[in-house]
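The exercises below are to be worked with the sequence and the three-dimensional model in view. Each task is followed by a solution in steps.

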Amino acid sequence: MFGLGGQPQLNSQQKLSAAEAELDLVTDMFNKLVDNCHKKCIEQSYNDGQLNKNESTCVDRCVAKYFETNVKVGENMQQLGQAFSPGKF
Amino acid sequence: MWKKLPSPGWLAFGTVVSAGASGIAYDKYQQSQTRSLYMAHVEKGATSPLESNLKPRKLIVLVAPPPNDYLDTSLTLWRRWIKPILYSSGLDYEIVTGNKQGEIRSEVASRIRQLRKDLISQEQDQTEEKSWSWSSWFKSGRNTAAQETAVEEEQAKPSPFDIRSVLGVFYHNEPKPVILEDSLVDPSVAGGVICVGRGAYKEYIAGIHEGILGPLEEPSKVVAAASAAPAETVSSGTVDSETLVGQTPLGTSVEASPVEASPVEVVPVETTAAEAAPAEAAPAEAAPAEAAADEDSSEKKKDVPVPKAYILPSEYSNASIPAELSKPLIIDPKTGAPAFFEQPLLVVAVPNLSGFTTIPTRISRFYQKRFLCEQVSHSTLAAVESKSRPFTTTDLDLGAYEELDWPKSWVETGKERGSEWVQPLQGDDRVLHRLRVVEPALVPSIQPETTKENDEFNTEKK
């Protein structure tokens, strides 16, 4: 991040804000993930309170695909960032 | 009134076209009826509840293209007739495809070698736990109490920042360990393997033998073949190793030539389950030299040879069953379920004729696909219901009638080159007695019977 070799020294305030940012990111991703997979996988008829097998496997696959997409898009973004502005990253 | 009809030529044209079209329409209608019937029959599986920490029963599907044809031909059969029934029954599946000869074999064999390594490390862990001596206890005896409290204190200290302690789902619920349904049921009904295509079946059997009877490490001849100087690309066209559906027809691979391009291919594995996706797509097998790494970047888009078999069929009788696989039932340590080669096996042949002189046969087959659909669906139903029996030696001929469809020229070229698929299927009894085979005859037909008594138009009353 700073372009130096070693790990940057953060004081407790910066650590706290980094942790808050990370929490925000993860919560945001979790919420989006739950919303998307719920819309796509779970039948709206609500005959039963428990998930059935199809919904269960659908949710598994949905989560896997979401994370893979996330990772791939992130990698592509990184490459784009490096290609256009090698100094910034 | 006869002047209202069109001319005889037009009538003939209309008859031929409408006969052809209605034949297709009727056949497709019957296929969709069959599909709906079988899907409705197994529907209860999909709508049955599943706890959040359980994973449903999982099948492995091996798909190989028919000779001289594209992978899409086999995949179409799978998608139209087998997949809907599996989906409606609620069980999970994982697809392994192979574009070239030997890909499925090497994938299956590498999975068995991985299983063996897991079993060996599991046994080592167990023996380490058991190997506890009085001398070691006396040496550490005085300090155990102090050590334990120190360890406990370290564990009791909160970790710097754990998201799971504040995130909603885990705030109140302890995450339960994930269990596979396959580990809870009787081993004879757990999981399953479906081979779509006679070639897939042959490679599966060869892969099992290679994995079980073959060595764990690459023998020198395989390493030598992989690191030899790169040769000209042999197969037609370029194969992108990342594509999952083959863009080129399956040709006979040049297995006999010792000089091949160097880096080992990343096997295209299409998975539909969560945990398999990242692990299997990532690593290529270790190519020996730096020369391989240099050529890897330039040859990524070119043909990469399939790794040679670690053991040949002629050497099966000399090889011995390894110690870790000598138990009567092998449980995969990672999943808790029986190893995939102990699971019931179904072979679905892919009839695929090609050529000019076969056109009349092909036309008649085209109009009678509904019978093939019924047969494949019935076999799939037997696989879903796990009606299986132990393997017998005649089962090596499962799906052999597909070989009657294989083009003669392709088979002859294959025999000259020593290709895998044209070799007679050999098996070792020590390995084969572990297998189970799905038996469709154990499942009664679910097509509605039209008996003479039910038939309204039958005048012969008994």
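**Exercise 1: A loop residue of chain B**

B:Ile331 is placed in the loop that joins α11 (290-299) to β7 (344-348) of chain B; helices (H or I, at least four residues) and strands (E, at least two) are DSSP runs, numbered from the N terminus. The model is predicted: local features need pLDDT of at least 70, side-chain atom pairs count only at pLDDT 80 or more, and totals for chains, interfaces and linings use all residues. Residues are numbered from 1 along each chain as its sequence is written, and chains are lettered from A and ligands numbered from 1 in the order in which they are written.

Solution. 
- Step 1. A residue is buried if 20 or more other C-beta atoms, placed from the backbone, lie within 10 Å of its own, exposed if 12 or fewer, and partly exposed in between.
- Step 2. B:Gln30 is 301 residues from B:Ile331 along the chain, and their C-alpha atoms are separated by 42 Å.

**Exercise 2: Helix α13 of chain B**

Task: describe how α13(B) packs with α3(B) and with α1(B).

Solution. 
- Step 1. Two packed helices are described by the angle between their axes and the distance between the axes. Axes are lines fitted to C-alpha atoms, for helices over the stretch in contact, and angles run from 0 to 180 degrees between N-to-C directions.
- Step 2. Helix α3 (residues 71-88) of chain B meets helix α13 (residues 369-385) of chain B at about 30°, and the axes are 9 Å apart.
- Step 3. On the α3(B) side the contact consists of B:Trp81, B:Ile82, B:Ile85 and B:Leu86, while residues of α13(B) in it include B:Cys373, B:Val376 and B:Val384.
- Step 4. This contact of α3(B) with α13(B) comprises eight nonpolar, two polar and no charged residues. Ala, Val, Leu, Ile, Met, Phe, Trp, Tyr, Cys and Pro count as nonpolar, Asp, Glu, Lys and Arg as charged, and the others, Gly among them, as polar.
- Step 5. Helix α1 (residues 8-41) of chain B crosses α13(B) at roughly 10°, with axes that come within 9 Å. α1(B) and α13(B) are therefore roughly parallel (angles under 35 degrees; over 145 is roughly antiparallel, 65 to 115 roughly perpendicular, and the rest oblique).
- Step 6. Residues in this contact include B:Asp27, B:Arg35 and B:Tyr38 of α1(B) and B:Lys369, B:Arg370 and B:Glu374 of α13(B). The contact of α1(B) with α13(B) has three nonpolar, five polar and five charged residues.

**Exercise 3: The two chains**

Task: state the secondary structure of chain B and chain A, and the packing of the helices of chain A.

Solution. 
- Step 1. Chain B contains 15 helices and nine strands, and 32% of its 462 residues count as buried.
- Step 2. Chain A has two helices and zero strands, and 10% of its 89 residues count as buried.
- Step 3. In chain A, α1 (residues 12-41) and α2 (residues 53-84) pack at about 135° with axes 10 Å apart; the two helices are therefore oblique to each other.
- Step 4. Among the residues that meet are A:Leu33 and A:Cys37 in α1(A) and A:Cys58 and A:Val59 in α2(A).

Technical notes:
Contact = placed C-beta atoms within 7 Å.
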